[in-house]
2 protein chains.
Amino acid sequence: MNAQPNVEVCLSPQLLHLYPLQNRVVVIVDVLRATSTIITALAHEVAGIIPVAKLEQCEAYKRLGFITAAERDGKKAEGFDLGNSPFSYMAEELKGKTIVFTTTNGTEAISKSSSASLILIGGFLNITALSKFLIEKNQDTLLLCAAWKGKPNIEDTLFTGALLHKLLPHFSSSTDDNLLALSLYQQSMLNKWELIQKSSHVKRLQGLGIERDIEFCLSEDLYPVVPYFNGEALVI
Amino acid sequence: MNAQPNVEVCLSPQLLHLYPLQNRVVVIVDVLRATSTIITALAHEVAGIIPVAKLEQCEAYKRLGFITAAERDGKKAEGFDLGNSPFSYMAEELKGKTIVFTTTNGTEAISKSSSASLILIGGFLNITALSKFLIEKNQDTLLLCAAWKGKPNIEDTLFTGALLHKLLPHFSSSTDDNLLALSLYQQSMLNKWELIQKSSHVKRLQGLGIERDIEFCLSEDLYPVVPYFNGEALVI
């Protein structure tokens, strides 16, 4: 029997209890900006990123001497070393270092997925490498959108549509969530940037000067790496 | 000040806690088939429909002598008078009667919305009458998709996109859920039937002989009525 593995999109961590995780690969998607930043950091030779869901956990690591990164509501949280801009993670002095990282949505999605058999990090920055890895892996897969405080968002849904488009010849896909994501992708594939300009995320962050970040996070295949969670940290 | 009221889509009752209900009009959307059936029944002079979330509640009403209707997983539940097919609600002998009704998704969405200022019932069957009513009402509005056991579905999302399209000149709309629904609508406006054929609902119900129901539920403006919940029953 050569049944294809199954791939399914979950539009929000608040719906995750409706989707099985056991024996599944989970891809965490937080395009703006957590997973894009994680991909960038690891591609620039950061040794590992320890994701934590709460600011207090991040503070505890800081007291132990770790480099810490924290973002809340799009801004760098007070008292930590780094925010959530991918450009901050290209620095020479971070090479070989382990960074403890918390963000509004992305790190919560990771912590909720702990019962999956493998947790991967996805974004436009690694879309082709990730799709090749998943096709090779040939296992049931869930694409988990980090969303915005529980509400489905455009950029993560769009990315899952783009990834599904690459996966579908090799996976079975029959859910309405998948159809929604694919429809969004097909509707906007020629002008991703225009769609994202309408997103609540971009409107929310107007004036914070992150236009350059957003453009960067929408770039495809800058880094052919597939970060995974080794039980303690995200590494490649 | 002439600020426009706000309209927002919620893709699943499981996300409803993220959306304010107070002082809002809520439109319950369960195109296949609960809200379409409710619209049909009331347009055919059923006096009222008492929505209950659980089969046990429906049984209790049956013991009191009420006409009862129950659907679970697309099928008529054993021991009740009626199922969830709109064609069953056109009968002469139901005119003037009150029916107690429970369905897999739709009636739960209604019961979860009790703190809204007004609960309305929407579907393609009444889309124009409903949109005119909402524009006239000029109040903040939430479009609540009943979904399928918590998971967002195609038919309800598509309907909210179609309704948004009619409402947008008169409402402010800035959420990503709205963009998702509108994108689905724009992608498929020329061929609703083709999209719905791909939905998990239609696949799930293949063989149950409800193709005629589905085609009926996708018909626009058969009934210019706007059912609302009066605290006890859905009436027009």
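**Entry 1. Aromatic pairs**

I began with the aromatic rings and counted 10 aromatic pairs over all chains. I note here that the model is a predicted one. From the set I looked up A:Phe124 and A:Phe159, whose rings are arranged edge-to-face. Their centres are 5.1 Å apart, and the planes make an angle of 85°; the rule asks for over 60 degrees for this class.

Which parts of chain A does this pair join? I placed A:Phe124 in the loop between strand 7 (118-122) and helix 4 (127-137) of chain A. A:Phe159 belongs to helix 5 (residues 154-167) of chain A. The pair therefore ties together parts that are 35 residues apart in sequence.

**Entry 2. Relation of the two chains**

I next asked how chain B can be laid on chain A. A turn of 180° with a shift of 0.0 Å along the axis does this, and the RMSD is 0.0 Å. The two copies are thus related as by a two-fold rotation axis. I then compared the contact residues and found that 100% of those of chain B recur in chain A, so that the same surface serves both copies.

**Entry 3. Extent of the interface**

I looked up how many residues meet between the chains: 29 residues of chain B are in contact with 29 residues of chain A. Together the two chains bury about 2,400 Å² between them. Of this area, 58% is on carbon and sulfur atoms. I also asked which three residues supply more than any other three of the area that chain B buries against chain A. They are B:Lys151, B:Asp176 and B:Leu180, and their share is 24%.

**Entry 4. Polar and charged links**

I searched the interface for salt bridges and recorded 2 between chain B and chain A. In one of them, listed by residue, the side chains of A:Glu8 and B:Lys151 meet with an N to O distance of 3.0 Å. B:Lys151 is also one of the three residues named above for buried area. For polar contacts across the interface, I recorded 10 residue pairs, with both residues at pLDDT 80 or more.

I then noted which elements of chain B give two or more residues to the side that touches chain A: helix 5 (154-167), helix 6 (176-188) and helix 8 (200-205). The largest share comes from helix 6 of chain B, with 8 residues. By class, the residues on this side of chain B divide into 9 nonpolar, 12 polar and 8 charged.

**Entry 5. Backbone exceptions**

I turned last to the backbone, bearing in mind that most peptide bonds are trans and that most residues other than glycine have a negative phi.

A:Arg33 lies in the loop between strand 2 (25-29) and helix 1 (34-43) of chain A. In chain B, the bond from B:Leu32 to B:Arg33 is cis, with omega near 0°. I located B:Arg33 in the loop between strand 2 (25-29) and helix 1 (34-43) of chain B.

Where does A:Glu45 sit? I found A:Glu45 in the loop between helix 1 and strand 3 (48-51) of chain A. Its phi is positive, about 75°, although A:Glu45 is not a glycine. B:Ala147, another residue other than glycine, has a positive phi near 65°. I placed B:Ala147 in the loop between strand 8 (141-145) and helix 5 of chain B.

Technical notes: Residues are numbered from 1 along each chain as its sequence is written. Chains are lettered from A and ligands numbered from 1 in the order in which they are written. This is a predicted model: local features need pLDDT of at least 70, side-chain atom pairs count only at pLDDT 80 or more; totals for chains, interfaces and linings use all residues. Side-chain values use heavy atoms; hydrogens and water are left out. Contact means heavy atoms within 4.5 Å. Buried area is the accessible area (1.4 Å probe) that two parts lose on being put together, summed over both. A salt bridge is a side-chain nitrogen of Lys or Arg within 4 Å of a carboxyl oxygen of Asp or Glu. A polar contact is a pair of N or O atoms within 3.5 Å; within protein, one must be able to donate a hydrogen and the other to accept it, and residues adjacent in sequence count only if both atoms are side-chain atoms. Helices (H or I, at least four residues) and strands (E, at least two) are DSSP runs, numbered from the N terminus. Ala, Val, Leu, Ile, Met, Phe, Trp, Tyr, Cys and Pro count as nonpolar, Asp, Glu, Lys and Arg as charged, and the others, Gly among them, as polar. Copies are superposed by least squares on the C-alpha atoms of residues with pLDDT of at least 70 in both. Rings of Phe, Tyr and Trp (its six-membered ring) pair if their centres lie within 6.5 Å; planes under 30 degrees apart count as stacked, over 60 as edge-to-face and the rest as tilted.
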